[in-house]
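Dear colleague,

I am passing the structure below on to you, together with some notes on what was found in it. Please read the notes with the coordinates open beside them.

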Amino acid sequence: MDFFKDIGVLVTNEKYMGMLFEGLGTTLLISVFAALLGLLIGTLVAIVGIAQDSPIMKLPKLICKIYVTIIRGTPMALQLFIMAYTIFAIRGFPKEITAIIAFGINSGAYVSENIRAGILSVDIGQTEAGRALGLNGRTTLIKIVIPQAIKNVIPAIGNELIALIKETSIVSMIGMYDLTQAAKIIGAGNNMASYVVPMTVAACFYLAIVYLLTFVIKIIERRLRASDKR
Amino acid sequence: MISVKNIIKTFEDGVTVLKGVDCHIEKGEVVAIIGPSGSGKSTLLRCMNLLSVPTFGEVWLKDKLLNPVDPYLHTEVIEASNTYKKLVAGGMDGADAIVKIKKEDLLNEKFSAAEGKEYKAILKKLYKDNHIDINVARQKMGMVFQHFNLFNNLTVLDNLTLAPVELKLKSKEEAEKNAMALLKRIGLEDKANVYPSTLSGGQKQRIAIVRALAMDPDVMLFDEPTSALDPEMVGEVLDLMKQLAAEGMTMVIVTHEMGFAREVADKIVFIDEGIIKEQGTPDEIFNHPKDPRLQDFLSKVL
């Protein structure tokens, strides 16, 4: 079979593997920092979202609502284009940072909804018990509600992180050299002249990362479930 | 100890569950609130520590005002302010109006200045003198819930020590020592390091009671503490509550356990359709009920 022979050729070719690993580095760099930014934004937006209605919170709540609506309602590719070609269209501005910000902002909108749902899933009686003891809203949230919410939220956040890693493959559209772009270049006419082999290898790379992440999430989940043991 | 005056509670969906309730609880008194379901008894109890904020009316803990939170809703203030507005609308000068209010002793000589801005400041100060922060007040009002509401993410010991330590009332060692003594009292010291999900309902509720006791409260509020329990576990919880009553703890108990109310309570409050229909000693309520609704209710539950 030519296909398997070609795969053998690719994985033993130092130059091609170097290209793939370089792309993988970019993919991981964007994924990790965008995920961190997304979690930060998501947590903040979720906390604003569940805060009690008061005149001071009116504007922040409105801003958060608009943010989530726009980000979730428009394609990621368009958001990336807008970031790259208008907002950060500065000569020499590192594209990695543009991508991290674009994906972080996008991820934050989804994460915020996950976290909000997680916090709301904690029985209101837990909050009431905390408040009835004289703890203020903040302490109750931090010490009682959020630890229980995290447990409920981990699977959904895991899903979001997996989606984020794979979605970073569109950064090639703004001319970045990530894993997908590397595979595309290797498959071009002046290299292997066959897309299917490098694409398959790149797919295996994505699969490996996602599998590893799933494994880590499982471990975290199991550890957090300690208080549920019967 | 606790006084509620003219409490009205309307929920967001427009249903009014309390329609003007006055109730006074003396120190050391055990008060049982009874009534049909949906009559507003739990809401009344929750209004006492503002877990439900009354739409209108005052809640006092000792001589401190918990509700209303807005200074301009304080009855005394409203009264003075209405008089002020009326006098000014009647053509009187603002300064003179305040002098007049002062003379009529509406605000106990607390007015001293006439300017509008200062007038507001005086109202605020008057309110502040009487007012206590709800989080401070709640430290002295223990609450026990129908569904226990033990903190699921913490061990039994941490459930008991969280609030005293977080609120800096006790050091960690002190709080733990106190918590172990309380657990020993209910015979559950061997459960100190397990999570609530491993406990039976009766154990959970007894721990919820000592969690409230760990704050050294002046008054304990019980919201149907045995309603969610299996029948064979009701006894152990009621026994603990009887012990507390015998020790002189001030208690307000919303309950369906008529036998228990009759035996332990000093005063029974019967509430129906958001109004206190009758209150009195257990003998008066159970043996000589006057209100027809109460008679009807007792004939069904006894």
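Predicted model: local features only at pLDDT ≥ 70, side-chain atom pairs only at ≥ 80, totals over all residues.

Counting aromatic pairs over all chains, with ring centres required to lie within 6.5 Å, gives five. In one of these pairs, the ring centres of A:Phe81 and A:Tyr85 are 5.9 Å apart and the planes stand at 25 degrees, and because planes under 30 degrees apart count as stacked, the pair is stacked. Both residues belong to helix H4 (residues 76–87) of chain A, where they are four residues apart, about one turn of the helix. A:Phe81 is partly exposed, with a relative accessible area of 27%, and A:Tyr85 is likewise partly exposed, with a value of 49%.

A:Phe88 and A:Phe93 also form a stacked aromatic pair, with 4.9 Å from centre to centre and 10 degrees between the planes; A:Phe93 counts as partly exposed at 26% relative accessibility. In chain B, the charged end of B:Arg211 sits over the ring of B:Phe151, at 4.5 Å from the centre of that ring.

As for helix packing, helix H2 (residues 14–50) of chain A packs against helix H5 (residues 95–121) of chain A at an angle of about 40 degrees, with the axes 5 Å apart, which makes H2(A) oblique to H5(A). The crossing of H2(A) past H5(A) is right-handed, and the residues in the contact between H2(A) and H5(A) comprise 19 nonpolar, seven polar and two charged ones.

Terms used. Residues numbered from 1 in each chain as written. Chains lettered and ligands numbered in written order. Heavy atoms only, no water. Phe/Tyr/Trp six-rings, centres within 6.5 Å; stacked < 30°, edge-to-face > 60°. Helix = DSSP H or I, 4+ residues; strand = E, 2+ residues; numbered from the N terminus. Buried < 20%, exposed > 50% of the residue type's maximum accessible area, 1.4 Å probe, protein only. Lys NZ or Arg CZ within 6 Å of the ring centre and 35° of its normal. Axes fitted to C-alpha atoms, helices over the stretch in contact; angles between N-to-C directions. Parallel < 35°, antiparallel > 145°, perpendicular 65-115°, else oblique. Left-handed = near helix turned anticlockwise from the far one by under 90°. Nonpolar A, V, L, I, M, F, W, Y, C, P; charged D, E, K, R; others polar.
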